[in-house]
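Please consult the sequence and the structure shown here alongside the text.

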Amino acid sequence: MVHITRALTSALSSAGFFLPSPASRSQEASALADPGPPTRSHPRNFLTSRQNCWVEPYNVDVQRPTFEFDPDLAEIFRYRQQQSVNLGSWFVQEKWMVPSVFRCAAGTKGSELDIASGWGGVENARQMLERHWDTFVTEDDFAYLASVGINTVRLPVGYWTLGPQFTAGTDFEPVGQVYRNAWPRVLRAIQTAAKYNIGVLVDLHGAPGSANGEHHSGTSDGNVGLFSDPWNIRKTREALVYMAKEISGITNVVGLQILNEPRYGTLGLEGIYDGWISAIRQVDGCADLPIYLHDAFDLERFSAYISKRSDFVVQDYHSYFVYTDSDANKPAWRHAQDVAGPLTARMKAASNQERRNLIVGEWSCALTPNSLAQEQNPDWSRTAFCTNQEKLYREQAAGWHYWSYKTENCDAERGWCFRRALGDGLPSSFSSFGPGQPSAVDRGQSGLILGINLPALGDILGDTLGGLLGWLGLNASPKTTTTSSSAVPITTSAPATTSTLSGEWPATRIAPVTGTPTSSPCYSSTRRSKRSATAPSPSLPAPTALAIKKERRGVDSIAATRARGYSDGFGIARKFAAFNLSKLGFTGQYVVDAVARLTQSGDLQSDRSQEYVTYFWRGLADGETRALQTIGR
């Protein structure tokens with residue numbers, strides 16, 4: 001057995017990773033092992049007979065909800081760091097998770113199609129599934145998730161969930177009426193999540209023809225027919241365009257995932273994705289809708305793909321350690337070290353390449369019995385494995401989505417069921433700012449965060465440039481504007497204006513990027529920089545009129561760009577933190593979009609963009625630190 005070097009162990013430990021050591025076999029392992037399968041189709045056969053297939057009549061009408069779109073709040077939902085769970089087996093069924101709905105399924109009794117084709121007919125299957133949709137996840141679940149710091153959910157749906165019109169010509173056509181009331185319930189779920197400030201990633205989990213031949217794609221025949229059939233590709237595009245039209249105007253929708261787990265090595269997948277993305281972008285209101293795509297289990301291939309795009313496209317990487325023979329037999333301590341070592345290096349490289357447009361859309365704490373059987377303390381090894389994963393995915397990705405929130409046999413699914421793992425392998429709560437930080441802020445704390453003042457101009461620009469500004473008579477701060485300490489949602493107002501006399505710094509030049517809280521306090525006229533606005537720097541000669549004429553315009557531009565970048569970064573940190581202690585997660589994409597807006601509007605010279613970005617990062621970091629200090633952390 002190969003051990004990592006002492007130097008590497010020390011480095012990883014100092015970085016905060018758990019590094020359990022190899023140990024002898026323990027009798028505890030069998031009791032602690034996960035019953036999870038080596039494939040996503042659970043090996044246990046829950047179907048014992050076709051008895052008790054009577055369906056109690058169930059006809060509950062669910063109306064389509066209406067939504068009002070708030071672009072400022074949508075910005076937070078879309079760009080913030082995500083702590084999330086999958087709501088698996090709610091609208092796309094998996095037998096090992098919800099065996100009861102498969103009890104009277106037809107055929108091989110392994111997929112969604114088998115459920116819709118069973119239960120004694122279409123009407124029985126419809127009523128059984130509608131009861132499941134109304135009871136498996138309820139408003140109480142969203143309240144619970146919010147209470148432990150979950151701010152997003154990934155919601156898998158199938159193309160059949162959209163309604164009978166989307167099943168024509170597909171395997172689901174004979175049972176399309178089973179789903180005639182499904183989509184309004186999906187919209188209701190999104191609306192319920194919004195009540196608890198939870199964002200929703202709508203995930204097309206099952207596509208026409210199947211992207212992978214697995215049961216969780218909706219069918220049981222094992223065929224992968226999506227990519228070889230242009231008709232299926234077109235039908236998928238039509239489904240995605242419909243979904244985009246339906247959800248793009250919903251404030252708490254964080255994005256649309258266009259496919260789940262296409263088979264590894266699928267040829268031409270980038271071109272297919274290009275076509276679907278192009279079609280979605282043409283939908284009114286979808287030019288900036290975040291689009292998520294699964295990487296077909298090839299992290300490097302699709303981080304390269306996304307790095308070549310400038311629009312808001314996100315890579316979804318799934319991370320499991322139970323599905324290959326190698327992983328199934330590797331000791332738990334080795335898995336924990338692999339997460340802290342090789343996987344961290346791979347994910348860091350990918351994330352840097354694609355400007356952090358990366359999430360881990362599925363992961364779990366599941367380990368096989370063989371992995372745990374080799375541990376002296378299986379409980380400790382599992383905790384190290386779970387903790388290392390959460391740390392990695394939080395630090396190197398813009399979000400993680402645990403698989404899955406719940407199962408019908410949650411108590412026995414310690415590695416797979418989020419509710420079971422919480423506080424037992426996983427932390428008991430989560431924060432975008434990391435362990436030990438609160439998962440939310442109350443109304444009063446939100447007001448305090450919004451009231452944070454920016455530092456003085458000289459503190460932002462530094463002594464050297466501050467001295468030069470004083471030398472040129474430019475080193476003064478704009479006047480203060482005030483803001484209400486009202487709670488979220490945050491509202492914005494027009495930027496405050498100040499005099500542009502030579503003794504004052506024009507606030508309009510450093511107005512925050514569209515969407516930031518422009519009514520929040522800006523520079524204080526009573527907080528001068530370290531350099532006097534009236535006295536020249538002692539290290540510089542007194543300026544001549546000609547020097548001022550030649551240099552003032554250039555220095556003015558540099559200072560304005562730096563101050564604008566810092567102000568925008570600081571303002572975004574403040575705005576996000578005030579909304580339930582959110583934190584900017586898609587940092588690179590936000591900056592790309594901000595620079596594009598500013599250059600297009602003429603508010604930023606293209607040759608000054610790097611100055612802007614550098615100071616944006618500084619302002620963002622300072623703003624996040626000040627937000628935590630303000631609430632006493």
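The sections below treat helix packing, nonpolar cores and backbone features in turn. The structure is a predicted model.

**Helix packing**

| Helix pair | Angle | Distance between axes |
|---|---|---|
| α8 (residues 230-247) and α9 (residues 269-281) | about 35° | 9 Å |
| α10 (residues 299-307) and α12 (residues 332-353) | about 15° | 8 Å |
| α20 (residues 587-601) and α21 (residues 609-630) | about 135° | 11 Å |

Helices α10 and α12 pack at an angle of about 15°. That angle makes α10 roughly parallel to α12, and the crossing of this pair is left-handed. On the α10 side the contact is formed by Leu-299, Glu-300, Ser-303, Ala-304 and Ser-307, and on the α12 side by Arg-346, Met-347, Ala-350 and Gln-353. Sorted by class, this contact comprises four nonpolar, three polar and two charged residues.

The packing angle between α20 and α21 is about 135°. With this angle, α20 is oblique to α21. Their crossing is right-handed. From α20, the residues Thr-587, Gly-588, Tyr-590, Val-591, Ala-594, Val-595 and Leu-598 take part; they meet Ser-609, Tyr-612, Val-613, Phe-616, Trp-617 and Leu-620 of α21. The contact of α20 with α21 contains ten nonpolar and three polar residues, and no charged residues.

Helices α8 and α9 have axes 9 Å apart, and α8 passes α9 in a right-handed crossing. Here Ile-233, Thr-236, Arg-237, Leu-240, Val-241 and Ala-244 of α8 meet Ile-272, Trp-276, Ala-279 and Ile-280 of α9. By class, eight residues in the contact of α8 with α9 are nonpolar, one is polar and one is charged.

**Nonpolar cores**

The largest nonpolar core has 109 residues, and Trp-90, Met-347 and Phe-418 are those with the most contacts inside it. Met-347 also belongs to the α12 side of the contact with α10. Beyond its neighbours within four places in sequence, Phe-418 is in contact with Val-85, Leu-145, Val-148, Ile-150, Tyr-402, Ser-404, Tyr-405, Leu-426 and Phe-430. A second, separate core consists of 27 residues, including Tyr-79, Leu-201, Ala-398 and Leu-604.

**Backbone features**

Ser-404 is located in the loop between β8 (399-402) and α15 (418-421).

Two further features concern the loop between α19 and α20. Asn-580, in the loop between α19 (545-578) and α20, has a positive phi of about 60° although it is not a glycine. Leu-581, placed in the loop between α19 and α20, is likewise not a glycine and has a positive phi of about 55°. Are these residues buried or exposed, or partly exposed? Asn-580 has a relative accessible area of 25% and is therefore partly exposed. Leu-581 has a relative accessibility of 2% and so counts as buried, the cut-off for buried being under 20% relative accessible area.

Terms used
Residues are numbered from 1 along each chain as its sequence is written. This is a predicted model: local features need pLDDT of at least 70, side-chain atom pairs count only at pLDDT 80 or more; totals for chains, interfaces and linings use all residues. Side-chain values use heavy atoms; hydrogens and water are left out. Axes are lines fitted to C-alpha atoms, for helices over the stretch in contact, and angles run from 0 to 180 degrees between N-to-C directions. Helices (H or I, at least four residues) and strands (E, at least two) are DSSP runs, numbered from the N terminus. Angles under 35 degrees count as roughly parallel, over 145 as roughly antiparallel, 65 to 115 as roughly perpendicular and the rest as oblique. A crossing is left-handed if the near helix is turned anticlockwise from the far one by less than a right angle, and right-handed if clockwise. Contact means heavy atoms within 4.5 Å. Ala, Val, Leu, Ile, Met, Phe, Trp, Tyr, Cys and Pro count as nonpolar, Asp, Glu, Lys and Arg as charged, and the others, Gly among them, as polar. A nonpolar core is a set of buried Ala, Val, Leu, Ile, Met, Phe, Trp, Tyr and Cys residues joined through side-chain atoms within 4.5 Å. Buried means under 20% relative accessible area, exposed over 50%, partly exposed in between (1.4 Å probe, protein chains only).
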